[in-house]
Amino acid sequence: MLRHLLIPLLLAFCPAGIAAEPGSLTFPEAQAFLKTYCEACHRGKTATGGFQLDKVESEKSFAMETHAWTRLKTRIEAGEMPPKGLPEPMLAARETFAKWVDSELKREACSSGTTVGPRPLRRLNRDEYTATVQDLLDIHLDIGGSLPADGAGGEGFDNAAETLFLSPLHSEKYLDTAKLAMDFAAKEFKSRARILVAKPGPGVTPEMAARKILAKFLPRAFRQPVGESDMGPYLELFRLARSKGEEFEPAVFFMLRAVLVSPKFLFRLEQGEYALASRLSYFLWGSLPDELIFDLAAAKKLNRPEVLRVLVDRMLRNDRSGNFAERFIEQWLHTRDLSRDKMPDAKLFPEYAADEDLRADIRLQPVYFFREMLNRKLSVLNLIDSEATIGTGKLEKHFGLKLPLDPGRKSQPQWVALPAGSKRGGVLGMPAVLAVSSYPYRTSPVLRGAFILDAILGTPPPPPPANVPPLGDEKPGAAPKTVRERLDLHRADASCAGCHSRIDPMGFPLENYDSIGRWRDEESGKPVDNSAELTDGRKVAGPDALKLVLLEKKDLFLRNLTNKLLGYALGRGLTLKDSCTVDAIVEEVKQNGYSSSRLIEAIVLSKPFRGEAEVSK
Ligand code: HEC
Ligand code: HEC
């Protein structure tokens, strides 16, 4: 009975059925929604769970009751409220409502302009620590291997402050690692030359020499100038070692080892322009600033737009930016998982499992592609579709294509034009991405569809309900079914279609790629069906048609990429206030032909990145 009454209301929320536009509610409509589904339990003094509808009944509440709005939106979005068993809004109505709350909250948050946002304390993550020690000591030793791995936080990256605390396990490992690194450096000619900038000689006491060495080493390690109070404790260690009868050099390395476990080394505690210097170099190089950046900070010239623009360009061209490309791409596109739980099945794909070079080429293709795109200042839309890619001899064979590779260096990844009709443009034509969005033993249009919605468009589907049975294996004797036939069955079920009619059509057009990204025309002896019907009723078939659909959503893609890059650059999760910054960056990049280098530049020039107190006009 109640359900019956609700139907006209639901129609009012999503007139076009499932594909209701975001922001399409009025305030009274939203209030009617809350009244219908929530009033029974959340009104007045007897309200359940500490949530009162009364709090959110005026338009002013977006400013005054941000927390209440966020909570109620989250619970509705997750399908947790109203509780199970009660009349509940359809998925589309829930999404429309949630998007409307988001846009209202954002409007409120942005009314006071862009802001710097939080600056949480964070330590160097494992990769940053490794690169920093290597650069500081000039050694090539992978010392990070023994440190515990960092979890992902914020926008999905392992440099997010939220996850970078210091556990007792870390402290112990840092001590071991510092010893390992220093012992190694003490034997290397290059490192010794870099570190031992003074020695006791006629008229120079060992302590004077040690002080000189420390005065050179400590500012680089701490990434900012140091004072006498910083030096004191380390010189004390030097004296201690000497008093125990140590020779000069071992005493120096003993002293410097302690620097590597200092909080000022392990944590990003830099101040003023030095904080910006480090933010910049950890963003684009994954390591400490070089002398030029350091000097610009010292001269208080770093925080000038014209200086930052030139620096960004120079830094992207430097080899060290490979660190950035690799870490960003492998986490954004999840291709790190290729060597973990998404590793293609070795029995089914022996040629992949046996060929280490092919695996490396596959894994690095999107990384090099991203770097070349930036260096060539191409449009970010090349990530969706492109006329060139990164090729090698192994990839050429894997694709079954003839690529115009430089015959002399086919083993080297190189930027190559794609032949017409290659179906290999953009990241969705890359085996790494196609494999990581498959199961190890078969493709899944659902996983690929969900991957596109999440990683590419930034509109992830809600998590699947807990009790869904896996795609059943066929009964013995029954005719084999393709994955599509099995998926068609569940999209026929209305309770599944709510999500799957949005997810699956994004994956079906990629069915011509097997789970290691090779082209195929048949599956289980039947021709591959790469067609799909989108939620708006349009039919698409094959990867090229899918990419056209994604290109129509290019602003959604740009916004998502901007969110990811800004989150990575700041090393934290984004807040509602940051979305105003994101808006401004998106607008600027759009005005400039979707230029990828412009995007990086705009991020570096943004208020949250440069820091408010430091921003000079
Ligand atoms: C049948 C009663 C009932 C209905 C209807 C109901 N809720 Fe709740 N709600 C509860 C109960 C019980 C709790 C406390 C337990 C919990 O948090 O899950 C709660 C807790 C909450 C909380 C506070 C907990 C938190 O996450 O901070 C919010 C917010 C909330 N509900 C929002 C809603 C919204 C929005 C609706 C309508 C879409 C709704 N509820 C409909 C029973 C209900
Ligand atoms: C709230 C959204 C939602 C609903 C409702 C939903 N699913 Fe899903 N389903 C998903 C998502 C998201 C995934 C991808 C999960 C992942 O990333 O591992 C998925 C994955 C699956 C898969 C695995 C696909 C594969 O290739 O093996 C099957 C099977 C599936 N769902 C069946 C169903 C069925 C049957 C129903 C209805 C009873 C249903 N789902 C309802 C969101 C949903």
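This tour visits the surroundings of two ligands in a predicted model.

Residues are numbered from 1 along each chain as its sequence is written, and chains are lettered from A and ligands numbered from 1 in the order in which they are written. In this predicted model, local features need pLDDT of at least 70, side-chain atom pairs count only at pLDDT 80 or more, totals for chains, interfaces and linings use all residues, and side-chain values use heavy atoms, with hydrogens and water left out.

**Stop 1: ligand 1**

Select ligand 1 and the 15 residues around it (a residue is near if one of its heavy atoms lies within 4 Å). Cys38, Cys41, His42, Arg71 and Met81 come nearest.

Now show side chains. An N or O atom of His42 sits 2.8 Å from a nitrogen atom of the ligand. Arg71 puts a side-chain N or O atom 2.5 Å from a ligand oxygen. For Arg75, the distance from a polar side-chain atom to a ligand oxygen is 2.6 Å.

Next, colour helix 2 (27-38) and helix 4 (66-77); each gives the shell at least two residues. Helix 4 has the largest share, with four. (Helices are DSSP runs of H or I, at least four residues, numbered from the N terminus.)

**Stop 2: ligand 2**

Move to ligand 2, with 18 residues around it. Arg442, Ser444, Cys496, Cys499 and His500 come nearest.

Pick His500: a polar side-chain atom lies 2.8 Å from a ligand nitrogen. Arg442 has a side-chain N or O atom 2.8 Å from a ligand oxygen. At Tyr439, a polar side-chain atom is 3.5 Å from an oxygen of ligand 2.

Finish on helix 21 (445-456) and helix 23 (494-507), which each supply at least two shell residues. Helix 23 provides the largest share, five residues.

Technical notes
A polar contact is a pair of N or O atoms within 3.5 Å; within protein, one must be able to donate a hydrogen and the other to accept it, and residues adjacent in sequence count only if both atoms are side-chain atoms.
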